Each structure stands twice: as C-alpha cells, then as structure tokens.
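Terms are given their cut-offs where they come up.

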Amino acid sequence: MEEHQRVEHTAKTNAGQGFGIAGLVVGLLALILAFIPCVGVIAIGPGAIAIVLSVVGLIQANQGNGAKGLIIAALVVSIVATGIAAVWGIVIGGITRDSHRFTERVERMVERTDREDLRRLEESFRHLGTELEKTFGDMEDFDPEVYEFGEEISDEEFEQVITEYEEVVKELAELIRHAENGRARDLVLYSRVSVRAASLAATLIRVGPKLTEEQKQRFEEINKKYEEVMDEADI
Amino acid sequence: MRLIFNRLFSHPYLWVNFFIGVAFLAVVFYSVVFSPETGAHPIACVYTSITGEPCVSCGMSRGFSHIVRGDLEAAAGTNIHSIPVFAFFVLQIVLRSLGSIAYLQRWLPLSVLISADAGISILGFFLAFSPMYF
C-alpha cells in the first residue's frame, strides 16, 4: 500500500504547470484590476485570457498526470476576476441604458409639447409677471403713517378698514389652506395679500388706543382666526 | 548562469512571485514616468468615458505620481484612496521579493510560507480596497 502511494506521488509531472502559472499571474492581476472602478470592466479581457490559460493547463495536467492544485487555484481566481469585471460591465451598461432612456423620454416630451401648451406656458408667465408688478406696487403704496399713533378714527373709517382687513385675512387663510398645490402664482398672490394685510393691521394698531372695546375685540377675533389657520397649516 | 536561472525559477511559487512583482514594479514605473501636473496619464477612466460620471477611483494615477514624488498631501487631495492602494502595491513588491528569498533560503516550509503570504496579501488587499466600497 505504502509502495503504491509513493509510486503515485512520484509519478506527478510538470504537465500544465506553465499554463497554470501564467493563468494564476494573469488572473491575480485581473482580480486586482477588477476592484478598481476606473478600469474594472477592462479586467474582462485578462480574466478571460487567464481562464483559457488555466483550462489549457488543466487539460495538459489531466493528460500528463500533472499536479492540479495551482491550476485549479488559477481557474478560480480567473473566474472570480472575470465575474467582478462582468458586474462592472452590467453596472455601466445599465447606467448608459438608463441615461439613453431618460434622453429619449425628454425628447418625446418635447415633441409632444404642441403650440397650445407653449401658448399656455407663455400666458402663465405673463400672468405671473402681472401679479409681481401688482405686489411691488402694493409694497410702494404701503404707508402706515396715514394715522398717527393714538389718533382717533371715525366709525365709518374703522368699518371700512376692518372690513377690508377681514376680507384680506380670509383670502390669506384660503391661500394657506391650498398651499400644498404648489402653484407659483399663488405664492405671488400670497405676498401681495400679505403686504396689504400688514398695511391694514398697522393702521388698526396705530388707532388702537382710541378704539372702543367692541372694535378691539373684533380686530382680535380676526387675528385669532388667522392664527388658527396658521396653526392648522403647521406654519 | 543557467544554474542560477534554474534555481531562481525552480518552483511555480517563484514564477508567480516574479511576474506579479514585475507587474507592480511596472505600476511604480508608470507613476514615475508620468507627471501629476501635466495629467497626461494614458489610461483614461473607462467608467467616466462611458457614463459621464466620475468614479471613486478617478485621479488615482495622478495620486500615485504624487506619492512617488513624496507629496502625500497632494496625493490625498487628488484621490484619498490612492495612498492605501499604492501602499498595497508596494507591500506586494516587498512580499514577492521576501517570499522568494524565504523559499530559496528555506526559512519556512512551503505550505506555511504560501499560507502566510496569501493571508497577508488578502488582509492588505481588504484594507487597501475596502474604503472605496464601504
């Protein structure tokens, strides 16, 4: 038995070792290359060469009773390297395909956009511009100095100011409730209405000392309602 | 001469050490030849050229060129991963040389030598390359 084992051991030749060494070297280098993202995909080339070298080495070793340990190691390393490089290929291919799809989608959208859409878009921008001009106009008109602090105000004038203030605050509350629609023109409108509301509030504060308790209470109620809307909207 | 050659390449381990060592020396040579300032390194990033996006290893060649010129700060600025990866390449040159000498001088049994070599190489590889991915 021992004699038989010894004969089998000594009978191993160097068949396929040259290809095995070449396969292992190229496979190891391909493996390292495969882990560098810049050139990872290139490792497919040396990886494939290493597989071929290893397989040739394995065939030779089989035919010539050569040692197979190194050749199998070379084959495993080469397959792993080629596999990783192939993953890079799939990743890069996927990104390229997605970017092409996105470009095509944008092109199709542009093609689908007809003259009517463009007209609507232009009108929308023009409307936005008008609203902005109005807002700036209101800001220029903002003049809380109409009444001196503590000045008396007639009942008619108070009624006029508080009614307008109530309407403006209602409009503000409505805009806040629908804020989630995200329309740009609502944002401009909100700015314009806010300026008007601030102007009226400043007027009412200035005449505040001379207001009756009833008038003060009405002003506070309007403010309270506005605050409730703000709280609901979590602003 | 033939006797020395036969002795130097008497085992597959020595062949593997020789070729792997030469490959890593070629990387060092490549880094010495090409200046980091001119940015004329011939190996372009395949990932960027295909996808148009920069990848995690972009600037590594320039980083290597800075390292061989002793400018580690500039290398880190070009690509922070260039330092550990280059250190791994240098470690490989040292390991290939030491491994071959250890085999020829019979410092260790072959199985122990190859196991230690593989272990150190895998650990070094993980330490150098893992920051790029994790």
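In chain B, helix 2 (residues 12–33) and helix 4 (residues 60–68) have axes that come within 8 Å and cross at roughly 85 degrees. Helix 2 of chain B is therefore roughly perpendicular to helix 4 of chain B. Angles of 65 to 115 degrees count as roughly perpendicular, under 35 as roughly parallel, over 145 as roughly antiparallel and the rest as oblique. Axes are lines fitted to C-alpha atoms, for helices over the stretch in contact, and angles run from 0 to 180 degrees between N-to-C directions. Helices (H or I, at least four residues) are DSSP runs numbered from the N terminus, as are strands (E, at least two).

The contact is formed by B:Val28, B:Ser31 and B:Val32 of helix 2 of chain B with B:Phe64, B:Ser65, B:Ile67 and B:Val68 of helix 4 of chain B. Two residues are in contact if their C-beta atoms, placed from the backbone, lie within 7 Å. This contact of helix 2 with helix 4 of chain B has five nonpolar, two polar and no charged residues. Ala, Val, Leu, Ile, Met, Phe, Trp, Tyr, Cys and Pro count as nonpolar, Asp, Glu, Lys and Arg as charged, and the others, Gly among them, as polar.

The model is predicted: local features need pLDDT of at least 70, side-chain atom pairs count only at pLDDT 80 or more, and totals for chains, interfaces and linings use all residues. Residues are numbered from 1 along each chain as its sequence is written, while chains are lettered from A and ligands numbered from 1 in the order in which they are written.

| Helix | Residues in helix | Expected span | End-to-end C-alpha distance |
|---|---|---|---|
| Helix 8 of chain A | 20 residues | 28 Å | 28 Å |

In chain A, helix 6 and helix 8 (residues 213–232) pack at about 10 degrees, their axes 9 Å apart, and are therefore roughly parallel to each other. Their contact comprises 12 nonpolar, one polar and three charged residues. A:Glu166 lies in helix 6 of chain A and is partly exposed, with 17 other C-beta atoms within 10 Å. A residue is buried if 20 or more other C-beta atoms lie within 10 Å of its own, exposed if 12 or fewer, and partly exposed in between.

Helix 8 of chain A has A:Phe219, A:Ile222 and A:Tyr226 buried. Seen down the helix 8 axis, these buried residues fall within an arc of 60 degrees, so they line one face of the helix; the arc is that of the directions from the helix axis to the C-beta atoms. Exposed residues on the other side of helix 8 of chain A include A:Glu213, A:Gln217, A:Lys224 and A:Asp231.

Helix 6 of chain B has buried residues including B:Phe86, B:Phe89, B:Leu95 and B:Arg96. Their cover includes helix 2, helix 4, helix 5 (72–78) and helix 7 (110–133) of chain B.

Between the chains, 18 residues of chain B are in contact with 18 residues of chain A. Helix 2 of chain B gives the most to the chain B side, with six residues. That side has 16 nonpolar, two polar and no charged residues.

Notes. Expected span 1.5 Å × (residues − 1).
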